[in-house]
Structures are given as structure tokens and as C-alpha cells.
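Trainee: Could you walk me through this one before I set anything up?
Mentor: Gladly; let us have the sequence and the structure on screen and take it by topic.

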Amino acid sequence: MPETPHTIEADYIIVGAGSAGCVLANRLSADGARVLLCEAGPRDTHPLIAIPAGMMKLHRHPRLNWNFFAEEDPGVDNRAIHWPRGKVLGGTSAINGMLYVRGNPRDFDRWAQMGCAGWSYADVLPYFKRSENFAGSTDEYRGKQGEMAVEHYRTVLPLTDHFVAAAQQAGIPLTGDYNGKRHAGVGYSQNTRRGRFRESTAKAFLKPALGRNNLRVETNVLANRLLFDGRRCTGVELRRGGKTIVVKAAREVIVAAGAVGSPHLLQVSGIGDPAHLASIGVNVIHAAPNVGRNLIDHLSSLVVHRVQGATSVNQLVHGPRLAFEFAKYVLTGRGAFTFGVTTAVAFVKSREGLETPDLQLSFTPMSRDPAIHKFDELEREPGAAIAVCVAQPESRGTIMAKSKDAAAHPAIRPNYLSAPRDMEATLSGIRIARRIFSSPAWMKYSVSELRPGPALTSDDELANYVHTTVGSVFHPVGTCRMGGDEASVTDPRLRVRGIDGLRVIDASIMPNVTTGNTNAPTIMIAEKGAAMIREDARA
Ligand SMILES: Cc1cc2nc3c(=O)[nH]c(=O)nc-3n(C[C@H](O)[C@H](O)[C@H](O)COP(=O)(O)OP(=O)(O)OC[C@H]3O[C@@H](n4cnc5c(N)ncnc54)[C@H](O)[C@@H]3O)c2cc1C
């Protein structure tokens with residue numbers, strides 16, 4: 001392989017080839033502009049990425065995953081929660097659970113009300129549609145012409161049908177498409193999957209653009225710091241092994257390193273809270289106290305049942321059944337190896353008076369042994385669970401560089417459950433999950449509730465269960481918040497305030513988290529961000 005030149009020049013430099021970065025690379029290189037995409041991880045050739053169920057083994061993969069850990073957090077009984085993030089082409093879209101959820105339309109209307117002009121639902125809907133190729137029936141809400149395949153499950157275990165029926169018996173209406181006209185209600189999951197294979201953004205957006213002469217992709221390079229000429233960002237210093245590579249941007253640098261990586265890179269480059277930068281020995285290029293603040297994440301608490309008379313994924317992944325499922329996957333592209341985690345979801349309100357749902361209840365026809373604490377170890381006996389997630393949490397945390405070394409992991413302090421409302425909503429969600437699991441359609445298949453366990457009924461008992469067992473759903477956002485106010489990190493065109501030639505475009509710019517999973521909205525943000533860059537270049 002030819003040696004990488006010491007200095008590379010491009011029109012646009014994109015840092016991070018994740019959910020957002022791969023979309024940006026495709027769109028910005030579409031009309032001849034020279035684009036350089038820089039990714040800390042390797043190429044996405046590992047077979048576990050392509051096989052949907054491979055996500056179980058990617059969860060702690062030593063090479064394809066950053067394996068961050070949050071600091072010990074009092075809200076979760078002083079546990080240090082594992083934070084997987086993809087470190088490979090495709091980023092976290094290459095290791096995630098593949099659930100495709102856009103969020104509630106009002107989420108985006110509220111972004112606009114918060115000062116993010118141009119981000120109402122009516123404004124963002126065309127960008128959701130532009131990126132997707134939905135295999136279901138389409139209407140004015142869904143796209144067919146985009147690059148990203150979105151499909152329903154190919155194999156649905158009857159337990160999922162029983163959950164959907166039980167939810168309706170518990171008073172939750174059915175929604176045929178939670179990404180369409182009606183977000184609220186219970187419905188079957190949609191996945192970012194093309195037939196039998198995971199559809200990461202690297203597969204959907206980067207691969208088709210790789211033949212373009214004006215797109216260059218550098219893997220295994222860590223962005224060490226951003227380079228400036230006065231208040232203009234002019235390039236990026238990259239590190240590969242012991243070698244430094246300087247890349248110069250004729251037009252713009254776009255940071256798409258994710259909700260952990262983006263604020264971290266800004267901070268070690270001198271954009272952040274001056275007091276924090278002084279504490280780690282970094283000179284201030286631009287005082288931006290909110291870089292790394294406004295961290296929002298989703299948590300989930302499990303209501304788990306032992307089941308009978310129905311097959312759960314647990315039985316499919318042990319003994320000879322596993323070999324059978326693998327053969328089925330190879331021969332037909334169906335079965336357990338095409339599964340993500342969640343097969344049906346319900347968006348519901350934790351209390352009366354709310355305008356839109358604030359809870360996401362995710363059904364999984366499988367159960368893990370809590371004693372093993374391993375994401376990829378399912379119980380041998382059949383089980384199923386509802387993961388109760390407060391989708392609109394009020395708790396806010398921070399991500400702050402611990403030193404000026406870009407390779408050192410930053411301090412992640414989520415301050416989980418620090419807002420009392422978050423626990424109240426969680427307890428309400430657990431009670432709704434119990435109501436669903438007490439409905440006749442489910443009771444036929446239930447042996448008993450395993451966790452929290454029928455003995456735990458009071459608020460205090462359930463709150464203790466939540467504190468000691470709750471886990472992250474891995475949806476950090478908000479750490480480079482966009483806004484109309486001067487205190488926001490980026491303006492609504494995603495330009496970093498106070499610096500020319502620099503944007504942040506990824507999950508970190510969300511002013512508030514969406515009511516759902518965060519991959520689809522991140523892809524939308526990249527679509528819209530790329531369109532704004534191209535508009536501004538023409539102006
Ligand atoms: C286990 C797991 C399951 C999930 N399941 C779902 C799901 O089912 N559905 C859903 O919608 N969402 C899910 N998510 C969340 C979703 O995938 C993310 O919100 C989304 O991928 C974030 O996209 P991003 O572009 O902001 O960041 P990423 O996709 O994380 O991209 C950032 C990229 O930047 C690179 N990078 C970082 N720092 C540097 C640096 N200094 N130099 C060079 N490169 C750098 C990283 O290696 C990475 O490739 C899940 C997340 C996890 C971890």
C-alpha cells in the first residue's frame with residue numbers, strides 16, 4: 001500500500017464515519033467536491049457486523065468498539081455503566097440493535113420552539129424520507145427511493161404477537177406504522193436491515209460512493225486536534241500509530257465523531273469551558289462553556305417473565321437449535337440470526353395530561369440471566385421482557401476530557417435519575433408493563449414474573465430495583481447542543497458558534513432526545529446538515 005502523504009488537502013474533511021459521517025461523505029461527494037472521511041476504527045469487513053444477531057458479540061468487541069465506561073453514578077447505585085460505541089466504518093450503526101424509530105413528530109416541533117429554526121417536523125420529514133428505502137407500504141410519511149433499507153422482521157415469534165395483543169387488551173391502541181401517521185401506540189418493530197444483512201450507514205451510504213475519485217476514506221486514524229488560523233478551522237491533525245498526518249480543508253471541517261467523540265475533540269482542540277480547558281492544560285481557542293454539557297441518555301428497567309407454551313429466543317440459541325438456526329440463516333436468510341433485540345414497541349404516556357408519549361416499552365422475546373451480567377448470554381429456560389425506558393428524561397449530565405490527550409477516554413457523567421420525574425415516570429412504566437403482562441393474551445403463556453418479582457410492589461421497593469439494575473439504552477445525545485441562543489454550541493445550521501469553517505453534525509447536536517431510538521434521527525440530521533452545507537457553498 002502506498003504510504004499516506006504527510007499532508008492531504010480536501011474541500012471537506014469529515015471526522016468520524018459513523019451513522020452521520022457516512023451519510024455526509026456520500027452527499028458531499030455527490031457533485032465533485034473533494035471529501036476526506038477520517039475514521040478511528042478499521043474497515044467493516046468483520047462478518048459479525050453483517051449478521052444481525054452478531055450485535056450480541058460486538059457489544060464488548062475489543063477492536064470494533066470504544067468500550068467507554070461512565071463514571072460511577074449515584075443514580076445507578078454507584079455502578080460504572082458500560083457505554084459501547086462503534087469504532088469502525090459505520091460507527092455505532094455497525095454494532096447497534098437496528099431498530100428504526102424516527103421519534104414523535106412533536107419532538108422536532110419542540111426543537112423548533114427551542115430556537116432551532118428549520119427543524120420542525122414539517123422541515124425534517126423530507127430528510128427522513130430521502131434516506132430510506134422502506135420495504136413496507138409507503139404513504140406521504142415514508143420513502144422508497146433512499147439508500148437505507150428499512151424492513152419489518154422476517155421471522156416473528158408468536159410471543160411478539162401475544163405481546164402486541166396483550167398491550168391492546170391493556171388499552172394501548174395498535175399503530176400500523178410508528179414512523180408514519182401515528183407514533184403513539186403499540187406496533188411491530190422496523191429494522192435497518194436489507195434482507196438477511198445489517199444495513200449500517202457504511203453499507204447503505206458509503207459503499208455506493210466509494211468509486212468516486214473525489215472521495216477518500218482513511219481508516220485507523222484518530223483525529224488528534226482541530227487546526228486553526230485565528231478563528232477559522234483550517235484542518236485536522238490525525239494520528240496513525242506514531243505518525244502524524246495533517247489534513248487541510250479548503251472549505252469546511254465537519255466533526256461527526258458522535259455524542260462522546262465530538263465534544264471531546266472540540267475540548268482537546270481548545271473549544272469549551274475555559275475553566276475546564278485550563279484544568280487539562282489546553283489553550284482556549286474559543287470559550288464555549290456548553291461543549292460537553294446537556295448530556296441526555298435513555299435508561300431501561302426490565303420487567304421479565306418466565307414463559308411457557310411458546311418459543312423464546314432463549315431456546316433457539318442453545319444446543320442443537322443453535323446449529324439449526326444457523327443452517328436456516330445460511331439457507332433461507334431467516335430465523336434467529338436475523339433478529340435484533342426488540343421485536344415490538346409501545347409508545348405510551350406515564351401520566352395524564354402529557355401531550356405526547358414519554359415512555360417507550362420495548363418487547364424482547366428473550367431474557368438474560370442477571371447473575372451472568374453478559375449481554376450475549378441468554379437464559380436456557382424460555383423468557384421474555386419489556387424494557388421500560390423514559391424516553392423524555394429530564395436528567396442531564398456531562399462529557400469532559402480528562403486530559404489533553406485525544407486518545408484518553410473522557411469522563412462521562414450522565415447523572416442518571418438525578419431528576420425526580422425520571423424515577424416517577426420509570427415506576428409508572430413498570431406498572432404499565434405489569435398491566436400488559438397481566439392481560440389475558442399474555443397470561444396464557446406466563447409462568448410468573450421473574451423481575452422485579454411479584455413481592456416488590458411499593459414505590460420504594462421498585463425504586464430500589466431500578467437504581468440497582470437499570471441499564472443504558474446507549475442513546476447519548478445533546479453534548480454539542482444546537483440552538484438559536486448564543487449559549488448553544490452550534491447554530492441551527494450546525495455551525496460551531498464563534499469559529500468559521502467548522503460544523504458538528506451527529507447525535508450530539510440534538511437539543512433534546514427524541515422519543516425513540518437515536519439512529520434514524522441522526523441519519524436525518526446528517527441528510528439535512530449535508531443539504532445545508534451544499535446550499536451555503538452555492539450562496
Ligand atoms: C449497543 C447499541 C445499540 C443501539 N441500538 C440502537 C437501535 O436499535 N436503534 C437506534 O436507532 N439506535 C441505536 N443505538 C444508538 C445509535 O446507533 C446512535 O445514536 C447513532 O449510531 C449515533 O450516530 P453518530 O453518528 O452520532 O455516532 P457514531 O455512529 O458513534 O459515529 C461516530 C464515529 O466517529 C468515530 N470517531 C470518534 N472519535 C473519533 C476521532 N477522534 N477520530 C476519528 N474518528 C473518531 C467513531 O469511531 C465512530 O465511527 C444503539 C447504540 C448502541 C451502542
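**Loops, helices and domains**

Mentor: Let us begin with Asn67, which sits in the loop between H3 and strand S3 (68-69), where helices (H or I, at least four residues) and strands (E, at least two) are DSSP runs numbered from the N terminus. Keep in mind that this is a predicted model, in which local features need pLDDT of at least 70 and side-chain atom pairs count only at pLDDT 80 or more, whereas totals for chains, interfaces and linings use all residues. Residues are numbered from 1 along each chain as its sequence is written.

Trainee: What is the phi of Asn67?
Mentor: Asn67 has a positive phi of about 50°, although it is not a glycine. Most residues other than glycine have a negative phi, and most peptide bonds are trans.

Trainee: Which residues of H1 are buried?
Mentor: Ser19, Ala20, Gly21, Cys22, Val23, Leu24, Ala25, Asn26, Arg27 and Leu28 are buried; that is 10 of the 10 residues of H1, so the helix is largely enclosed by the rest of the structure.

Trainee: What does Ala20 touch?
Mentor: Leaving aside neighbours within four places in sequence, Ala20 is in contact (C-beta atoms, placed from the backbone, within 7 Å) with Ala256, Ile505, Asp506, Thr522, Ile525 and Ala526. Ala20 counts as buried because it has 36 C-beta neighbours inside 10 Å.

Trainee: How do H5 and H15 pack?
Mentor: Helix H5 (residues 121-131) and helix H15 (residues 519-538) pack at an angle of about 105°, with their axes 8 Å apart; axes are lines fitted to C-alpha atoms, for helices over the stretch in contact, and angles run from 0 to 180 degrees between N-to-C directions. That makes H5 roughly perpendicular to H15, a label for angles of 65 to 115 degrees, with under 35 counting as roughly parallel, over 145 as roughly antiparallel and the rest as oblique.

Trainee: Which residues meet there?
Mentor: From H5, Val124, Tyr127, Phe128, Arg130 and Ser131 meet Ala520, Ile523, Met524, Glu527 and Lys528 of H15.

Trainee: Last one, what are the domains?
Mentor: Domain 1 covers 1-65 + 82-120 + 197-293 + 475-539, and domain 2 covers 154-188 + 299-390 + 418-469, with bounds from an automatic or database domain assignment. Their centres, taken over C-alpha atoms, are separated by 32 Å, and 18 residues of domain 1 are in contact with 17 residues of domain 2.

Conventions. Contact = placed C-beta atoms within 7 Å. Buried ≥ 20, exposed ≤ 12 C-beta atoms within 10 Å, placed from the backbone.
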